[in-house]
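Here are a few exercises to work through with the model open beside you. Try each task before you read its solution.

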Number of protein chains: 2
Amino acid sequence: MSPQYEDADFIREVLDLVGDKWSVLIIGTLADGPIRYSDLGDAIPGISQRMLTLTLKHLQRTGLVTRTSYPEVPPRVEYALTELGTSLLSTVLALAAWSSDHHAEIRRHQTEYDNVTATQERGLATRHGRSHRRRQ
Amino acid sequence: MSPQYEDADFIREVLDLVGDKWSVLIIGTLADGPIRYSDLGDAIPGISQRMLTLTLKHLQRTGLVTRTSYPEVPPRVEYALTELGTSLLSTVLALAAWSSDHHAEIRRHQTEYDNVTATQERGLATRHGRSHRRRQ
DNA sequence: CAGGATCCGATGGGATACTG
DNA sequence: CAGTATCCCATCGGATCCTG
């Protein structure tokens, strides 16, 4: 790595933090302000209760999110972004911007790559009497 | 998400790209200039041949890395960062900087959280006659 | 309402052995 | 040298059911 090599460890740390499937989605939703558990689940399409709970615990442990439970009936629990969480979100949004800027170019490369390798495989198959399996 | 909600998809896209275990390490190493397969493997401690190959293919398909093979004996294959790859690296380094800045605070939160939950569990155990299993 | 407990299939990734 | 091919296990995450 051209800068310093210890960057590698820090990158690993962030990716371990938010590289999973739901963390940044939750952080992003919490950016709109405190929200209760069930509303959070509704706001994030496709997330299961299990992952919502697990990811929230994870984020809470890291200090990115706070959990406040109000002793009422029915119970109410609100989750909110900490300052740390907000600062991380803004950094992550830079990544999103990069993705937005280049995602057309990326798709171009991908389909081109797929076409080339598909052509190569077809060539091999005929030359070898089609001994290789098609891609699943 | 306070900005636009489509950010979520873009974030997913980048994380799917480089959220795995080795991608950014490889990108970071390639930032020093073109390098051959085996040297790349030596430069990245702990990576297996399998993952080196797989991740390189992945990065190549996305257009972040180029593969150039020189028809010599012994064979020589060099991998290099594309411009796209370089631009991504600089963005990712912002994340690394965030991690570097806050990683002490993060560890503070984590140990505090662990202490609290450990204490709570101990309380439950004695009150219930220790009916719960210790954490593995 | 806000979770916890289980079960289970899908991937991710390591170790090892083999090849053009 | 630069990969492929297998085997295998650990973790991730979805679905479903249960509870204070």
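**Exercise 1: the sheet in chain A**

In chain A, three strands make an open, antiparallel sheet in the order 1-3-2. Before going on, the ground rules: this is a predicted model, where local features need pLDDT of at least 70 and side-chain atom pairs count only at pLDDT 80 or more, while totals for chains, interfaces and linings use all residues. Residues are numbered from 1 along each chain as its sequence is written, chains are lettered from A and ligands numbered from 1 in the order in which they are written, and side-chain values use heavy atoms, with hydrogens and water left out.

Task: find which strands of chain A are the edge strands, and what packs on the sheet.

Solution, step by step:

- Start with the terms: helices (H or I, at least four residues) and strands (E, at least two) are DSSP runs numbered from the N terminus, and two strands pair if DSSP finds at least two bridges between them.
- Strand 1 (35-36) and strand 2 (65-70) of chain A each pair on one side only, and that makes them the edge strands.
- Strand 2 and strand 3 of chain A run antiparallel and are joined by six bridges. To pick out one pair, A:Val65 has A:Leu81 in strand 3 as its bridge partner.
- Helix 2 (residues 23-30) of chain A packs on the sheet and touches strand 1, strand 2 and strand 3 of chain A. Contact here means heavy atoms within 4.5 Å.
- The direction of helix 2 makes about 95 degrees with that of strand 3 of chain A. Axes are lines fitted to C-alpha atoms, for helices over the stretch in contact, and angles run from 0 to 180 degrees between N-to-C directions.

**Exercise 2: how the two chains relate**

Task: work out which rotation superposes chain A on chain B.

Solution: 

- Begin with the general idea: two copies of a chain are related by a rotation about an axis and a shift along it.
- Here the rotation is 180 degrees with 0.0 Å of shift along its axis, and the RMSD is 0.0 Å. That is the relation of a two-fold axis.
- The superposition is by least squares on the C-alpha atoms of residues with pLDDT of at least 70 in both copies.
- A:Gly19 is the residue of chain A that comes closest to the rotation axis, at 2.6 Å (C-alpha).
- The copies meet through the same surface, because 100% of the interface residues of chain A are also interface residues in chain B.

**Exercise 3: around DNA strand D**

Task: describe which residues come nearest to DNA strand D, and where the surface near it comes from.

Solution: 

- Of the 20 residues around DNA strand D, the nearest are A:Lys21, A:Arg50, B:Ser38, B:Arg67 and B:Tyr79. A residue is near a strand if one of its heavy atoms lies within 4 Å of it.
- Sugar and phosphate make up 60% of the atoms of DNA strand D that come within 4 Å of the protein.
- Now the polar contacts (pairs of N or O atoms within 3.5 Å). A polar side-chain atom of A:Lys21 is 2.6 Å from a phosphate oxygen of DNA strand D, and one of A:Trp22 is 3.4 Å from a phosphate oxygen.
- B:Pro75 uses a backbone N or O atom, 3.1 Å from a sugar or linking oxygen of DNA strand D.
- Helix 4 of chain B gives the most to this surface, with four residues.
- Helix 4 (49-62) of chain A, plus helix 3 (37-43), helix 4 (49-62) and strand 3 of chain B, each supply at least two residues.

**Exercise 4: around DNA strand C**

Task: find which atom of DNA strand C lies 2.4 Å from the side chain of B:Arg50.

Solution: 

- B:Arg50 is among the residues that come nearest to DNA strand C.
- An N or O atom in its side chain is 2.4 Å from a base nitrogen of DNA strand C.
- For A:Ser38, a polar side-chain atom lies 2.5 Å from a phosphate oxygen of DNA strand C.
- Helix 4 of chain A contributes the largest share of the surface near DNA strand C, four residues.

How values were computed: Polar contact = N/O pair within 3.5 Å; in protein donor to acceptor, adjacent residues only side chain to side chain.
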